[in-house]
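Here's a quick briefing on the structure you have open. Have a look at it first, then work through the notes below by topic.

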Amino acid sequence: VPMVAPGNVQVHVINSTLAKVHWDPVPLKSVRGHLQGYKVYYWKVQSLSRRSRRHVEKKILTFKGNKTFGMLPGLEPYSSYKLNVRVVNGKGEGPASPDKVFKTPEGVPSSPSFLKITNPTLDSLTLEWGSPTHPNGVLTSYTLKFQPINNTHELGPLVEIRIPANESSLILKNLNYSTRYKFYFNAQTSVGSGSQITEEAVTIMDE
């Protein structure tokens, strides 16, 4: 098997899900056989928004021939990763380069995990929601937009409300009675808005 690990391993983080890794080729003598390529082992150490460590799944990408760089797609935003590089010949892999740590920046969050509308009265509705399963960063706020829908399914004026990131419920007051409303709800990080969840609810009729 090869005797030497690739040297001077460098990682360039391109965005929250993609990084480029560079290395110096090993001397051909040290390959001790036919150079087949290089393997990059990489794994997520932890999410920076959740401190929980789970079972680490190592991923491997193979770059054929005498390549000196490769792309690592499909990374998770706002996470800490480690990687190392090994050279491969027909017999197997050489030693691993020292582990290199890199971090991906924040991304936009996934949609809130749920949006539930309860306690309808004549002029109010209560909204409850769950934070995104994948915050992909530090949540800065939520945005709620809502509008009435009339009997011919035409949409009325849109109202927009910003809600602090630490809230998980809201009572909407001063609504019209016996009216159907459509809600659009999403979360934000400093990078931008995540995908939205939609829901409809009706205030009760005149008692």
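Taken over C-alpha atoms, the centres of domain 1 and domain 2 are separated by 42 Å. Keep in mind that this is a predicted model.

**Domains**

- The protein splits into domain 1, covering 7-104, and domain 2, covering 112-202.
- How many residues of each domain are in contact with the other? Four residues of domain 1 touch six residues of domain 2.

**The 8-9-12 sheet**

- Three strands make an open sheet in the order 8-9-12, and the pairing is antiparallel. The edges are strand 8 and strand 12, each of which pairs on one side only. From one strand to the next, the twist averages 20°.
- Six bridges hold the antiparallel pairing of strand 8 with strand 9.
- On to strand 12 (residues 169-172): strand 9 runs antiparallel to strand 12, and four bridges join the two. Here Glu128 sits opposite Ser169 of strand 12.
- Is strand 9 mostly buried or exposed? Six of its eight residues are buried, so strand 9 is largely enclosed by the rest of the structure.
- A reminder for reading the side chains here: in a regular strand, they alternate between the two faces of the sheet.

**Salt bridges**

- How many salt bridges turn up in a search of the whole structure? The search finds seven. As background, side chains of opposite charge can pair when their charged atoms come close.
- One of them joins the side chains of Lys116 and Glu128, at 3.7 Å from N to O. This pair links distant parts of the chain, with Lys116 in strand 8 (residues 112-118) and Glu128 in strand 9 (residues 125-132), 12 residues apart.
- Lys116 counts as partly exposed because its relative accessibility is 42%. Glu128 also has a value in the partly exposed range, at 28% relative accessibility.
- Another salt bridge is formed by Lys145 and Glu160, whose closest N and O atoms are 4.0 Å apart. Lys145 belongs to strand 10 (residues 141-149) and Glu160 to strand 11 (residues 159-164), so the pair ties together parts that are 15 residues apart in sequence.
- Within that pair, Lys145 is partly exposed at 29% relative accessibility, whereas Glu160, at 52%, counts as exposed. The cut-off for exposed is over 50%, so Glu160 qualifies with its 52%.
- Glu200 and Arg180 form a salt bridge too, with the closest N and O atoms 3.1 Å apart. Since Glu200 lies in strand 14 (residues 197-202) and Arg180 in strand 13 (residues 180-188), the pair ties together parts that are 20 residues apart in sequence.

**Gln188, a buried polar residue**

- You'll find Gln188 in strand 13.
- Is Gln188 buried or exposed? Gln188 counts as buried because its relative accessibility is 5%.
- What does the Gln188 side chain do in there? A polar contact of 3.0 Å joins the side chain of Gln188 to that of Thr143, and a second one, at 3.1 Å, joins the side chain of Gln188 to that of Ser193.
- Setting aside neighbours within four places in sequence, Gln188 is in contact with residues including Pro109, Val138, Leu139, Tyr142 and Arg162. Thr143 and Ser193 are also among these contacts.

Methods: Residues numbered from 1 in each chain as written. Predicted model: local features only at pLDDT ≥ 70, side-chain atom pairs only at ≥ 80, totals over all residues. Heavy atoms only, no water. Buried < 20%, exposed > 50% of the residue type's maximum accessible area, 1.4 Å probe, protein only. Pairing = 2+ DSSP bridges. Axes fitted to C-alpha atoms, helices over the stretch in contact; angles between N-to-C directions. Polar contact = N/O pair within 3.5 Å; in protein donor to acceptor, adjacent residues only side chain to side chain. Contact = heavy atoms within 4.5 Å. Domains from an automatic or database assignment.
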